[in-house]
Amino acid sequence: MRRFLLRRLAWFALTLWAVVTVSFVLMRSVRGGPFSAERSLPMEVEASLRARYHLDWPLWKQYLAYLGPLELGPRAPTFLGGDGSDPFGGVLAGDLGPSYKYRDFTVNDVLAQSLPISLALGSVSLFFAVGLGVASGIVSALRRGGFLDFALRLLATLGIALPNFVVASLAILLFAITFPVFPVAGWGSLRHLVLPGLALGAPFAAYVSRLTRTGLVEVLSQDYVRTAVAKGLPPWLVLWRHALPAGCLPVLTYLGPATAGILTGSLVIERIFAIPGTGSHFVNSALNRDYTLCMGVTILYTVLVYALNTLVDLVSTWLDPRLSLEEA
Amino acid sequence: MNGEGWRFARRAFGLLLFALLLALIVRATTSARLERADVVFANGAEVASLDPQAVSGIPEGRVMIALYEGLTTRHPETLEPRPGVAESWDVAPDGLRITFRLRANARWSNGDPLTAQDFEWSWRRLVAPETAAPYASFLKSVKGFRALDERTFEVDFPTPVPHFLHLTSFHPLFPLHRATIESARQRFPDAWTVAWMRPGVLVTNGPFRLAARRINDRLRLVKNPFYWDERAVSMETIDVLALDHLGTLLNLYLTGEVDWIERVPPLAVTRLRGRADFHLTPSLGTYFYRVNTTRPPFDDVRVRRALALAIDRRAICEKIARKGERPAFAFTPPNLAGYEPPELEHAPLEADLSNWDRAFEADCARARELLSEAGFGPQDRPFPRFELHYSTSELHRDVAEVVADGWRTHLWLDVAFFNQESKVYIETQRSLGYDVSRSSWFADYPDASSFLEVFLSGGENNRTGWSNARYDELVRSAAREANPETRLAELGAAERILLDELPLLPVFGYVTQNLVHPRLAGFFENALDEHSPKTWRWKTEEELAAERARPR
């Protein structure tokens, strides 16, 4: 177990470095800069802005400075003994730098404000996705070939096929305008969570439903399940203790990266429901050429995906004794 | 531990995790809870900064006039300069000096007195290169400024600057609280330069102060008790929402969660048009195309003129923009006080455009003549294929299609499209890597110079390669001219040159589109789409009844 985690950590460091490097190069090779706009800044103003953020340095120097504090002289951050007039500590010091677009904030500020919101919304969606998905998958598997199975599978196909902005618009029309049960948009109470949570979770629920059904159908025909039934165990216990843990493995594998996606929010859902989460930063930071914010969300996403995949591997071995961490 | 114990521990652990998750959700949602503000408005995208010297957009401007106040302010309807922090001013007879007299009761939101020294310090900060202020050039026309005492502020000019009082009403020249900025820099040296703008730290001098802020969500403003004209302010709290999804905006307005939205979905315009709370007003913005005058055949003025004539502006206004926009035949909009913009030569039009089709046909015939004079036509050499450049947006695409269609059918030109993501598109314009490119310009203050300075030779917003010495001379001399009539005449002569030479093809004038709660009083429509919440108040039941009784 410890060896497994250590190995994972080493790979994690390597992956993160690769992601940072590739994104840095990609981001900087795109034309246009953070300060170009339809109303151009006077040349000298743009030059002094670029100087403030060291965008006038050669690219390799900017890259090194982004990774760690290059400036170790008198202008270095105070925790390195400088006067802080060049306060950027670098990624290794946990400092993601200033945002070029949200000029009053650092990237750390932006993420600290928006991530809890996305996490809360994502948890609710995950709850919808897993709850609705697994439940309907079980029903489908048990009633295989029946009408209920057909109806649920149709619904699941629809859920996957419909983009979430359509689901969101329908949900708003139905539950916020025709029957004003929930607010049309905004953030600030638990009621604000329901519609976006549902809209964000719907496609995932549909996927989970199909995976659960497939997994269960396969497991239900296995010998050990037949043995359990033959022993005279009540059907729910067979399902709960024997079939479900193995039948859910594909769901679990899928949920790892899917959770990272759900938790970091969605641009579309956040815009439609006016939710100040991280989702919009993934797209807008690239459009705005907000280099540091774009790098920040990329790093965040990498960390989440990696952590969740590791968690999934751990849980999988716990659920299925046939798997072992050494192979994972 | 036996099997039972393990199972219990596992369950307890699971429950604990679940409880933690639940706590996180509740905390993340409810910690954000704010009671509904007295008035809520949507302000487009998140404002770039709360530093009035660092910003340049319209949404930023709206927040600045709520938080800060300059020596002068703009009248909410006519936009004429009125006393602000300065209760009066004297303009020297030769126009070379303005002396502002500050109010004795002008104060900051923390109670500190607001003095002439504050203005002196703030203006010095504006021109300091490390501030990197987009409008640092505002003080280029100034020879010097100084605080004579706490309440007297003097500004000297090498030549008269008649529109200077418009500039002092605009946010770059608003005062900043020196002590806060300097102490924040000392206390949080690591926090870049932004710590002084945090809620609870930011000190401002306007009718409102900052209470809370969340990125991409809202600014919560509360009434500033130390504001000199505090009694005129009736709203206690204001929420400024950072929202730009048009459908969401309309939903929020229609369900009463927002009291004013500044843009509506284009598809909803037709249905909203009859409503009394929907206001469309011509704004100080022009939609136009730049022409790359360095690239043949566009270096030939006859070609540019032909292109300008064969644009079906009415179709663009009525079928695409659809908000009551007016076809534009000039760069400056028609609603600038005292200024009569010249127009590019075209067939005369009735005021209601009833003869549009005939006039447009005549213009297209003229355009074909111009092209053949330039040596292009079915019998002469063919016009080379060229590209119409625009940034990614439905509006720009649709307008480009009408324009290209006109040039294809009426002038038999081979027009292709060249669409780019907006930042790349700007780079292409700057490097003159286009043939004809879509653009827009909005004025900072209601004066023709705010438009005409764009096309000065080598200016960073010119981006056409066009330059004309006579034009530069006229615009520069107008900036120095004390006599308002001579000044406007010079600007008019400059625009005449611009419209004869046509480095740009004007298309239409923008309109503002405000959906405003019918109970909100003190909200005025104006060409800058600037709305100071200082004058806002809710109408009483009696006023509403009286309004209903009045025939509309």
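This is a predicted model: local features need pLDDT of at least 70, side-chain atom pairs count only at pLDDT 80 or more; totals for chains, interfaces and linings use all residues.
Start with where the chains meet. On chain A, 52 residues are in contact with 47 residues of chain B. Which helices of chain A each supply at least two residues of that side? They are α2 (43-52), α4 (107-142), α7 (191-220) and α11 (267-272). The largest share, 9 residues, comes from α4(A). By class, 26 residues are nonpolar, 16 are polar and 10 are charged. Keep α4(A) in mind. We will meet that helix again.

Next, the domains of chain A. Between them, 12 residues of domain 1 of chain A are in contact with 13 residues of domain 2 of chain A. On the domain 1 side, the classes are 9 nonpolar, 2 polar and 1 charged.

Now chain B. Chain B has 552 residues, and 45% of them are buried. Its C-alpha trace spans about 95 × 80 × 60 Å along the principal axes. The secondary structure comes to 16 helices and 19 strands.

Chain B has three domains. Domain 1 covers 68-180. Domain 2 takes 192-280 plus 512-549. The C-alpha centres of domain 1 of chain B and domain 2 of chain B lie 26 Å apart. There, 19 residues of domain 1 of chain B are in contact with 16 residues of domain 2 of chain B. The domain 1 side divides into 8 nonpolar, 6 polar and 5 charged residues.

On to the nonpolar cores. The largest has 149 residues. Which residues have the most contacts inside this core? They are A:Ala199, A:Val208, B:Val258 and B:Ile261. Those names come from both chains. And here is α4(A) again: the largest share of this core, 16 residues, comes from that helix.

Zoom in on A:Val208. Leave out residues up to four places away in sequence. A:Val208 then touches A:Ala129, A:Val130, A:Gly133, A:Val134, A:Gly137 and A:Val251. A second, separate core has 69 residues. Among them are B:Phe288, B:Val303, B:Ala321 and B:Leu499.

Last topic: a sheet in chain B. Four strands form an open sheet, in the order β4-β5-β7-β6, with antiparallel pairing. Why do β4 (86-91) and β6 (144-149) of chain B each have one side left without a neighbour in the sheet? Because these strands stand at the edges, each with a single partner strand. On average, neighbouring strands of this sheet are turned by 20° against each other, direction ignored.

Look at the inner pair. Strands β5 (residues 97-102) and β7 (residues 152-156) of chain B run antiparallel and are joined by 5 bridges. B:Phe100 has B:Phe153, in β7(B), as its bridge partner. Finally, a helix joins the picture. Helix α3 (residues 116-127) of chain B packs on the sheet and touches β5, β6 and β7 of chain B. The direction of α3 makes about 160° with that of β6(B).

Key:
Residues are numbered from 1 along each chain as its sequence is written. Chains are lettered from A and ligands numbered from 1 in the order in which they are written. Two residues are in contact if their C-beta atoms, placed from the backbone, lie within 7 Å. Ala, Val, Leu, Ile, Met, Phe, Trp, Tyr, Cys and Pro count as nonpolar, Asp, Glu, Lys and Arg as charged, and the others, Gly among them, as polar. A residue is buried if 20 or more other C-beta atoms lie within 10 Å of its own, exposed if 12 or fewer, and partly exposed in between; C-beta atoms are placed from the backbone. Domain bounds come from an automatic or database domain assignment. A nonpolar core is a set of buried Ala, Val, Leu, Ile, Met, Phe, Trp, Tyr and Cys residues joined through C-beta atoms within 7 Å. Two strands pair if DSSP finds at least two bridges between them. Axes are lines fitted to C-alpha atoms, for helices over the stretch in contact, and angles run from 0 to 180 degrees between N-to-C directions.
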